[in-house]
Amino acid sequence: MRIGVFVRLTAATAALALTAPALARDGDAPAPRYGTFGIDLNAKDASAKPGDDFWTYANGGWSKRTEIPADKASVGYANVLTDEAEANVRLILNDMATNPAKYGATGKQVGDFYATWMDEAGIEAKGTAPLKPYLARIAAVSDLTGLQTLFASVGYESPVGIGIIPDLADPTRYTAAAGQGGLGMPRDYYLLPGEKYDGYRKAYRAYIQKMQELAGIADAGAKADAIFALETAMAKDQWSPEQSRDIAKLNDPEDIAGLEKKAPEFDWALMLKTAGVDKSPTILMTQNTALAAMGKIMVATPLQTWKDYLAFHFISDNAAYLPKAFDTARFDFYSKTLSGVETQRDRWKRGVQLTNGALGEAVGQLYVDKYFPASAQAKMAELIENLRGAYQDRISKSTWMDEATRKAALVKLAAFEPRIGHPDKYIDYTKFNVVRGDMIGNMMRSAEFQHALELERFAKPVDRSLWNMTPQTVNAYYNPLANQITFPAAILQPPYFDPNADAAVNYGAIGAIIGHEMGHGFDDQGSLFGPTGKFENWWTPEAKKAFAERTAALAAQYDGYEPLPGTKVNGKLTLGENIGDLGGIEAAYGAYQRYQAVHGKAPVIDGLTGDQRFFLAYAQAWQTKLREGAARARLLTDPHSPPYYRVNGIVRNVDAWYSAFNVTPDSKLYLPPEKRVHIW
């Protein structure tokens with residue numbers, strides 16, 4: 001069972017995140033990190049016309065001279081900040097690993113966990129012995145009861161994921177939820193025609209065989225054929241990423257009898273009890289038709305094939321914690337073949353990532369103490385309130401929204417709860433047993449500890465103080481079930497926010513990202529939730545129709561973009577993020593005008609007006625290059641549009657951008673005013 005498979009319902013996460021408020025500069029102010037006023041003008045491409053290709057105009061020079069590092073699928077500002085955060089965390093972990101007593105019990109846990117990962121020789125010496133008790137448990141399965149027990153157990157793969165989320169009908173309490181799972185590749189990679197996907201399928205089938213051979217499993221070739229055929233059959237019946245973001249269709253609460261009626265092949269009582277959620281009066285049956293199909297596939301598939309499937313996935317999921325041959329095989333398929341990454345990341349970087357995942361808030365508390373200035377929290381709060389005010393202005397003046405819906409939208413806006421930097425209280429890891437030298441055991445116990453935490457919370461009211469990201473994460477998110485926007489400490493730094501930068505830069509970069517997260521509360525899915533996070537309708541039919549017309553027009557624009565030959569942007573899959581981007585930049589621009597109303601009209605700096613600096617900062621926030629494999633995977637699975645179109649696809653709808661750069665009808669990005677989409 002995989003914990004957290006329902007995160008799509010609980011947090012719409014932006015690709016980057018936000019930072020603190022814009023401050024006026026004076027002659028004695030320290031220099032900003034980038035350029036003379038906060039933007040790297042050397043990143044521009046002077047040969048590009050802003051009205052023809054604004055992303056290249058802002059980032060083309062950087063793109064021409066920048067190569068994607070061999071150990072990365074992408075490069076850009078987000079990578080720079082993530083690298084810095086990892087380096088800072090590494091200093092903390094190294095000290096914990098060498099001086100565990102200095103940090104008390106939790107420090108010893110963190111130090112032992114990280115030191116175990118870094119002990120490559122120790123992992124190599126153990127060979128495949130750490131796998132044996134888990135593979136033996138799989139081998140002992142003798143019937144469908146035993147099989148489904150493993151499906152619902154922590155650490156084992158399953159076509160049905162069971163987890164816990166706030167109840168859509170009453171977000172003050174938790175409910176159990178079930179959804180599709182169990183594939184080793186993105187769903188569409190099993191189904192799409194063409195040489196590229198034929199190659200992925202061939203490589204995956206070879207990877208299945210390779211993993212079994214490394215583990216000493218007999219008849220690996222025939223078993224690989226059967227496992228691949230099983231997953232292909234599952235993929236044919238599972239929901240697409242586009243379907244899986246339709247919360248109205250995901251919302252199917254059932255009792256045990258309802259589950260048994262729709263998917264009778266599963267022993268729901270057994271699986272829910274195994275997962276510890278059998279006391280839940282209802283279970284949210286997400287992707288209900290897929291679950292019904294998985295039940296039919298379960299009984300039609302030989303038990304031995306399921307056991308081989310479980311064994312392969314357990315080996316694959318834990319390959320990084322086994323000898324180098326396993327780790328390399330997994331990297332070669334998932335990173336090199338699917339994403340085009342050339343070399344494995346440094347071991348310490350991977351160790352930082354693992355430790356952040358297992359003991360993230362223990363590390364985060366130390367990270368905050370050392371690297372997050374208290375002043376940033378107050379400045380961030382100021383900028384958020386300016387964005388809230390800008391959204392209030394835009395909603396109040398909306399021409400397509402009737403008064404009843406407008407009033408409800410303003411109530412929801414006022415109820416937004418911002419969380420900045422770090423949680424008010426951190427997770428207590430006392431019950432997590434870390435054993436120095438037992439890497440797979442530590443990872444399994446970590447998953448069990450996290451699951452036990454969820455079960456402990458399950459019987460209580462929803463804890464709104466919990467965070468879905470650690471403070472050292474370079475990102476941000478909106479949670480529709482709590483109406484919260486969250487900005488971890490690690491992203492509150494240049495280029496997204498720089499207290500020494502020009503105000504226009506801060507509003508164009510972090511301001512637009514803050515606006516993006518707020519915009520998720522009013523996107524095509526977030527708008528289905530009320531001010532308390534309840535799944536409810538606060539729209540009149542007339543307003544809903546007008547909203548649908550505008551969002552459909554935006555989706556149609558994105559359907560026309562083709563980043564890779566034969567692979568277009570999916571306007572419906574990316575609609576929520578595109579609404580967030582469009583609403584975010586327009587609200588940020590409105591907030592910047594509010595700023596100027598108080599502080600005076602922005603001067604021209606280095607030949608650029610305030611509005612030009614605002615839009616350049618926005619474009620440079622999406623300064624990113626992707627390898628083709630990574631770009632292809634994201635186009636098929638990621639609800640975010642490619643960074644290039646998060647700039648060019650958005651600014652062409654913003655009236656102020658046309659004025660700032662004198663964009664005329666002969667420009668390639670030009671849209672007539674009546675074709676421009678304005679939502680919030």
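Which residues touch the most other members of the largest nonpolar core? Among its 198 residues, these are Phe54, Phe615, Trp657 and Trp680. A nonpolar core is here a set of buried Ala, Val, Leu, Ile, Met, Phe, Trp, Tyr and Cys residues joined through side-chain atoms within 4.5 Å. Buried means under 20% relative accessible area, exposed over 50%, and partly exposed in between (1.4 Å probe, protein chains only). The model is predicted: local features need pLDDT of at least 70, side-chain atom pairs count only at pLDDT 80 or more, and totals for chains, interfaces and linings use all residues. Residues are numbered from 1 along each chain as its sequence is written, and side-chain values use heavy atoms, with hydrogens and water left out.

Leaving aside neighbours within four places in sequence, Trp680 is in contact (heavy atoms within 4.5 Å) with Tyr391, Arg394, Ile395, Trp400, Met401, Phe522, Trp539, Phe547, Ile579, Gly583 and Glu586. Another core, of 7 residues, lies apart from the largest one. Ile165, Leu168, Leu284 and Leu481 are among its members.

Aromatic pairs were then considered. The structure holds 53 of them. Rings of Phe, Tyr and Trp (its six-membered ring) pair if their centres lie within 6.5 Å; planes under 30 degrees apart count as stacked, over 60 as edge-to-face and the rest as tilted. Phe266 and Trp268 have ring centres 5.4 Å apart and planes at 65°, so this pair is edge-to-face. Both Phe266 and Trp268 are buried. Phe333 and Tyr334 also form an edge-to-face pair, at 4.8 Å centre to centre and 75° between the planes. Phe333 is buried, with a relative accessible area of 3%. Ring pairs also link Tyr391, Trp400, Phe416, Tyr478, Phe522, Trp538, Trp539, Phe547 and Trp680 into a cluster.

The criterion is NZ of Lys or CZ of Arg within 6 Å of the ring centre and within 35 degrees of the ring normal. Arg646 lies over the face of Trp622, at 3.9 Å from the ring centre. Arg676 lies over the face of Tyr658, at 3.6 Å from the ring centre.

An open sheet is formed by 4 strands in the order 3-4-6-5, with mixed pairing. Helices (H or I, at least four residues) and strands (E, at least two) are DSSP runs, numbered from the N terminus. Two strands pair if DSSP finds at least two bridges between them. Strand 3 (160-166) and strand 5 (253-254) stand at the edges, each with a single partner strand, so one side of each has no neighbour in the sheet. Strand 3 pairs with strand 4 (residues 174-180) in the antiparallel sense over 7 bridges. Val160 has Gln180 as its bridge partner in strand 4, and Pro166 stands opposite Tyr174. Strand 4 and strand 6 run parallel, joined by 3 bridges. Here Ala177 stands opposite Leu284. Strand 4 is largely enclosed by the rest of the structure, because 7 of its 7 residues are buried.

Gly566 is found in the loop between helix 22 (541-559) and helix 23 (575-599). Gly566 is exposed, with a relative accessible area of 71%. Gly566 and Gly194 are 372 residues apart in sequence and 10.0 Å apart in space, C-alpha to C-alpha.
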